[in-house]
Amino acid sequence: MEGIIIKSTGSWYKVLDEKGNTYDCRLRGKFKMEGIRATNPVAVGDKVEFSLEHDQGTGIITQIHERKNHIIRKATKLSRRSQVIAANLDQALLIATLFLPRTSTGFIDRFLVNCEAYSVPAHIVFNKYDLYEEEEEQLLDELISIYEPLGYKCLKVSATRKTNLDDFSDLLSNKITLLSGHSGVGKSTLINAIEPGLNLKVDEISLAHLKGKHTTTFAEMFRLSKGGFIIDTPGIKEFGLVDFEPWELCHYFPEMLKLFNQCRFDNCTHLHEPGCKVKEKLEEGEIHPYRYHNYLNMLTGQDTRN
Ligand SMILES: Nc1nc2c(ncn2[C@@H]2O[C@H](COP(=O)(O)OP(=O)(O)OP(=O)(O)O)[C@@H](O)[C@H]2O)c(=O)[nH]1
Ligand SMILES: [Mg+2]
Ligand SMILES: [Zn+2]
């Protein structure tokens, strides 16, 4: 039988078949994925072959199909072990909030760089729009004016007031979408708002820390009634960066990739080399200082939190 992994909780996997039935399955033996050193061999979104164990309604996963793509999170900054968050995605959405909790542009850019590196189209959904006053609204519009021209769609929504949720729901239709973002930004609330039947657990953010409490603990995929699937993930404290060579990082910044081969040196890192086109465009205001700042931080290995 063939199915898709919709939940993974350690050694058991929930598999959905084409008819819409779900089965609890385990892995037989050890699976190794080519070239990926991960703590989990199978992730949400993986397509698998499985066979049922008689009488029990449970199954054994016998084969994992090749992945179209996947997104990885490193366990810690220095750790070599990484966890596959999800596989076979059509797109990834970062749910961001300006406060309660604050999503920094450093975090946004790390997310976008990872998506570029894994060739997963990415967009940004700014939630909790209902809380923003003039000052935040201005900041939000500035952020949107940075990211939209780079090809990242941006939405302003409120899950609790149900503002602009049609746009959100349209963005999801007939696609497999990963929702990512800090704990407490409202990932589960957003899913509940467009698919009330799911009734996902949500929790107040902690007023002491102004952060979420990691209410969702496992990535899980849900079928949307309008078509498509959405993957709710646990809030991310750190989004470790993919491994890259210094000259390679700029390939994951669309505004820098556009200038490919235009610097004097082929292996320019756009730091302090003479004849650097990126620095020129920065000075001309065509590359946003936030983006360049975050690029530098990633290049020099600073700023891996928040
Ligand atoms: N004011 C306001 N509050 C919201 C909005 N969306 C979510 N919240 C609140 O934010 C809190 C956290 O929401 P969750 O949906 O649990 O957040 P999450 O991103 O799923 O968090 P984790 O599962 O911990 O990663 C809850 O108290 C929600 O009611 C919104 O649009 N506006
Ligand atoms: Mg949640
Ligand atoms: Zn350069």
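# Reading a predicted three-domain chain

Guide: The protein chain is divided into domain 1 (2-64), domain 2 (88-232) and domain 3 (246-299); such bounds come from an automatic or database domain assignment. This is a predicted model, in which local features need pLDDT of at least 70 and side-chain atom pairs count only at pLDDT 80 or more, while totals for chains, interfaces and linings use all residues. Residues are numbered from 1 along each chain as its sequence is written, and chains are lettered from A and ligands numbered from 1 in the order in which they are written.

Visitor: How many residues of domain 2 are in contact with domain 3?

Guide: Two residues are in contact if their C-beta atoms, placed from the backbone, lie within 7 Å. Here 10 residues of domain 2 are in contact with nine residues of domain 3. On the domain 2 side, α1 gives the largest share, seven residues. That side has four nonpolar, three polar and three charged residues. For these classes, Ala, Val, Leu, Ile, Met, Phe, Trp, Tyr, Cys and Pro count as nonpolar, Asp, Glu, Lys and Arg as charged, and the others, Gly among them, as polar. The centres of domain 2 and domain 3, taken over C-alpha atoms, are 28 Å apart.

Visitor: Which residues of helix α7 are buried?

Guide: Helices (H or I, at least four residues) and strands (E, at least two) are DSSP runs, numbered from the N terminus. A residue is buried if 20 or more other C-beta atoms lie within 10 Å of its own, exposed if 12 or fewer, and partly exposed in between, with C-beta atoms placed from the backbone. In α7 (residues 289-299), the buried ones are Arg291, Asn294, Tyr295 and Met298. Seen down the axis of α7, the buried residues fall within an arc of 105 degrees, so they line one face of the helix; the arc is that of the directions from the helix axis to the C-beta atoms. They pack against α1 (105-117), α2 (134-147) and α5 (254-257). Just after α7, Gly301 takes a positive phi of about 75 degrees.

Visitor: Which residues have a positive phi although they are not glycine?

Guide: Among them are Lys128, with a phi of about 65 degrees, and Asn261, with a phi of about 75 degrees. Lys128 is in the loop between β9 and α2, and it counts as buried because it has 24 C-beta neighbours inside 10 Å. Asn261 lies in the loop between α5 and α6 (277-283), and it counts as exposed because it has 7 such neighbours inside 10 Å.

Visitor: Which strands are joined to β8 by bridges?

Guide: Two strands pair if DSSP finds at least two bridges between them. Four bridges join β8 to β11 (residues 176-180), and the two run parallel; Ala92 has Leu178 as its bridge partner there. Five bridges join β8 to β9 (residues 122-126), also parallel, and Leu93 stands opposite His123 in β9. Five of the six residues of β8 (residues 91-96) are buried, so the strand is largely enclosed by the rest of the structure.

Visitor: Where does Pro101 lie?

Guide: Pro101 is in the loop between β8 and α1. A cis peptide bond joins Leu100 and Pro101, with omega about -5 degrees.

Visitor: How many residues surround ligand 1?

Guide: A residue is near a molecule if its C-beta atom, placed from the backbone, lies within 6 Å of it. Ligand 1 is surrounded by 25 residues, the closest being Gly186, Ser188, Val202, Thr216 and Gly235. By class, this shell divides into six nonpolar, 13 polar and six charged residues.
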